[in-house]
Amino acid sequence: MLLVDTGRLDEARRVARDLVRAYETVVARPDTDAVTLDGYAVFLLEVEPPDVRDPARALPIATRAVAASGRKHYLRLKTLAQAHAALGQPQQAIAIAREALALPGAIQSWTAEALLVDLLQKHGTPAEVEAFLLQRLDQYPRLGRAHENFVAKTMRHLAHFYARQGRTQ
């Protein structure tokens with residue numbers, strides 16, 4: 001990102017392509033672990049500059065990461081949802097993001113929450129956004145005071161949602 005920030009885009013593209021080649025060597029092995037697969041898929045979805053991104057390649061890599069984790073790790077599922085979203089498949093992305101957020105531990109994921117809120121705002125209904133955020137708030141009391149920062153993040157999403165709906169009272 002430093003190369004991009006300093007305007008050295010050609011060098012950034014070269015470095016990104018070098019990383020893609022290195023990652024491809026690693027993921028060609030059938031025993032590549034879920035964390036490495038997920039890391040590569042995230043890289044393909046978020047690399048700078050954006051013209052190096054490859055969501056079409058990220059999708060099968062993220063799918064392998066999800067399979068390698070037995071569909072039991074919310075971050076692997078979040079990456080798969082991001083890949084579907086980047087490929088213009090919002091309904092698949094929403095379903096997978098919901099699956100991710102239903103897993104234990106996902107209550108602590110601001111990024112998974114933000115992904116689903118964004119997808120629902122763009123491709124769902126206001127009622128779906130509100131229902132998701134209210135249901136999420138209902139989950140927090142059982143976690144105790146240690147999770148107040150997560151409550152605050154969800155409340156922020158809800159406040160922004162209500163403001164966009166003109167429901168500021």
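Is Arg-71 buried, partly exposed or exposed, and what is its relative accessible area? The legends below answer this and show other parts of the chain. The model is predicted, so local features need pLDDT of at least 70 and side-chain atom pairs count only at pLDDT 80 or more, while totals for chains, interfaces and linings use all residues. Residues are numbered from 1 along each chain as its sequence is written, and side-chain values use heavy atoms, with hydrogens and water left out.

**View 1. The whole protein chain.** The protein chain has nine helices and zero strands. Helices (H or I, at least four residues) and strands (E, at least two) are DSSP runs, numbered from the N terminus. The C-alpha trace spans about 50 × 40 × 30 Å along its principal axes. Of the 169 residues, 40% are buried. Buried means under 20% relative accessible area, exposed over 50%, and partly exposed in between, with a 1.4 Å probe and protein chains only. Among contacts (heavy atoms within 4.5 Å) with a separation of 6 or more, 56% are between residues 24 or more positions apart.

View 2. Arg-71 is found in the loop between α4 and α5. Arg-71 is partly exposed, because its relative accessible area is 38%. Its phi is near 55 degrees, a positive value in a residue other than glycine. Pro-49 lies in the loop between α3 and α4. The peptide bond from Glu-48 to Pro-49 is cis, with omega near 0 degrees. Most residues other than glycine have a negative phi, and most peptide bonds are trans.

**View 3. Helix α4 against helix α5.** The two helices pack at an angle of about 155 degrees, and their axes are 9 Å apart. Axes are lines fitted to C-alpha atoms, for helices over the stretch in contact, and angles run from 0 to 180 degrees between N-to-C directions. α4 and α5 are therefore roughly antiparallel; angles under 35 degrees count as roughly parallel, over 145 as roughly antiparallel, 65 to 115 as roughly perpendicular and the rest as oblique. On the α4 side, the residues in contact include Pro-55, Ala-58 and Leu-59, and on the α5 side they include Arg-76, Leu-77 and Thr-79. The residues of this contact divide into ten nonpolar, three polar and one charged. Here Ala, Val, Leu, Ile, Met, Phe, Trp, Tyr, Cys and Pro count as nonpolar, Asp, Glu, Lys and Arg as charged, and the others, Gly among them, as polar.

**View 4. Gln-82 in helix α5.** Gln-82 has its place in helix α5. Gln-82 is buried, because its relative accessible area is 17%. Leaving aside neighbours within four places in sequence, Gln-82 is in contact with Leu-45, Glu-46 and Leu-115.

**View 5. The largest nonpolar core.** This core has 45 residues, and those with the most contacts inside it are Leu-116, Phe-132 and Leu-133. A nonpolar core is a set of buried Ala, Val, Leu, Ile, Met, Phe, Trp, Tyr and Cys residues joined through side-chain atoms within 4.5 Å. Leaving aside neighbours within four places in sequence, Leu-116 is in contact with Ile-94, Ala-97, Arg-98, Leu-101 and Phe-132.

**View 6. Phe-161 in helix α9.** Phe-161 lies in helix α9, which covers residues 148-164. Phe-161 counts as buried because its relative accessibility is 2%. Apart from neighbours within four places in sequence, the residues in contact with Phe-161 include Pro-126 and Leu-133. Pro-126 is 35 residues from Phe-161 along the chain, and their C-alpha atoms are separated by 8.3 Å.
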